Amino acid sequence: MPKKVLVVDDSPTVRQQVGLALKQAGYEVVEATDGADGVAKVGGDPDIGMVILDVNMPRMNGLEMLETVKAGGKNADLPVIMLTSEGQQSLIERAKKAGAKGWIVKPFKAELLVAAVKKLLVA
Amino acid sequence: MMRVVPDASYDDAGEGRNVPRRLARKLAAGLAEFRTLMMNRINDVNATTCREVIAAAGSVAAVVDGATAHVRRVKEMVASIEGGDGGGVAAAVARQSEVLRRFFESVSRDIARQEAVAERAQQHLQRITKAASDTAHLASAARLLALNARIEAARVGGHGNCFSTIAGEMQHLAEQITQANVFIDSVASRLSQDLPEVAESARALRASTEDLSHDLSQATADVEGETAVMRDIIRRMLEQSDQEMAYLISSSHEALSHLQFQDVVAQGLLRIEPSLHDLQVEQAKELGLEDIISDLPVAQHREIGGDKPVDQDNAGEVLLF
């Protein structure tokens, strides 16, 4: 059964591109349009094995979603990769502290994203 | 966008505060309308390019999906030909050849047995012929003996009548033996003609069977050779297909990577919004319209770290913790 990856981004083009790259690599992909939607999807689908998470989003941003999802040791084994145009060290440290496993700066190379996903899902 | 036309009351002294308040409000309203039109246009452009990019990405995905499905079908067909699970064409040919080989072996054994039987029958026939020949000599001797006995019986006269009768019976018996021998000779003669023919037919049949078996082995070897060649060609084709698929997927990843710039450009265009907002605020201040600043809508800052251009040095960087 293919691993299911949740892609959370308010940009439909990014969701589409990440989704296609992951589907080509054999993963099942579900999408969420913002952090609040992402929290609901993670809570409602135990088959989700990884999250690709944008930072800047309306309603609830990616870091808030990450902290919510990981709060109190919940979903400790759920790997999360941040995918954002931000590169500030303070944000990277905040994400790392909250439990993120990776940080990819947009625009990204699709094959590098797939390689990162593979590496984290095997680990 | 509203076009602003200076009128006679406009004091163009370079000081915004000297501009009549009515014209200043008109300017502020024009700027607001320009901002709205600008953002609507940007949103339209973003929506259109977004649709196009999604369509392009969908096309890329369709090409890759189609090629992937094609390669999968080819691999399934090849698997059915190779028949690793015993169900393939090559395996069926090999099984059929094995069945035929066993059949020919069985037929060859039967024919060899027939040959042996025919040979033994010929030997028996030779013995029968010799025995018949011996019997003919014996019959001839018995006939001569009977004739001498009758001559001797005739010489003795009346006392030899009984002996003469026995000699006649002996002669009669010798003649019957001779007739039986003639019959045995004729049968043996026919058999001696037929048995070599049977043996020869069996030898010919065995030779034909061996030729057929040899041809079958050769044909099987040819089929196996052709199958091996075909398998090698298919293997190389599949390797090439895998390489081309890898290239296709790599190219599609490249295309998807390029398509991301639509989102980067869209975000860049949306950053005009706060600049226009700030311009409105500055202009309103300049024109002495502080009271309308509070009415201006607040710019939508969606970025957590503030609006800033993408740092191309960091773009594409992957950090795994």
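I began with V39(A), which, leaving aside neighbours within four places in sequence, is in contact with M65(A), T68(A) and V69(A); I count two residues as in contact if their C-beta atoms, placed from the backbone, lie within 7 Å. This is a predicted model, in which local features need pLDDT of at least 70 and side-chain atom pairs count only at pLDDT 80 or more, whereas totals for chains, interfaces and linings use all residues. Residues are numbered from 1 along each chain as its sequence is written, and chains are lettered from A and ligands numbered from 1 in the order in which they are written.

I then placed V39(A) in helix 2 of chain A, residues 35–44; helices (H or I, at least four residues) and strands (E, at least two) are DSSP runs, numbered from the N terminus. Is V39(A) buried, exposed or partly exposed? I found 18 other C-beta atoms within 10 Å, so V39(A) is partly exposed, the scale being buried at 20 or more such atoms within 10 Å, exposed at 12 or fewer, and partly exposed in between, with C-beta atoms placed from the backbone. I also noted that 8.5 Å separates the C-alpha atoms of V39(A) and L66(A), which are 27 residues apart along the chain.

Next I looked up strand 1 of chain A (residues 4–8), which is largely enclosed by the rest of the structure because four of its five residues are buried. Strand 1 pairs in the parallel sense with strand 2 (residues 28–32) of chain A over five bridges, where pairing requires that DSSP finds at least two bridges between the strands. Between these strands the chain passes through helix 1 (residues 12–24) of chain A, and this β-α-β crossover is right-handed, that is, clockwise from the first strand over the helix to the second with the strands pointing away from the viewer. Strand 1 also pairs with strand 3 (residues 48–53) of chain A, in the parallel sense and over five bridges. I saw that V5(A) stands opposite V29(A) in strand 2 and opposite M50(A) in strand 3.

Turning to the cores, I took a nonpolar core as a set of buried Ala, Val, Leu, Ile, Met, Phe, Trp, Tyr and Cys residues joined through C-beta atoms within 7 Å. The largest has 42 residues, and L53(A) and I81(A) are among those with the most contacts inside it. Apart from it lies another core, of seven residues, including L31(B) and A284(B).

Lastly I checked chain B, where buried residues make up 11% of the 321 residues, and which has six helices and one strand.
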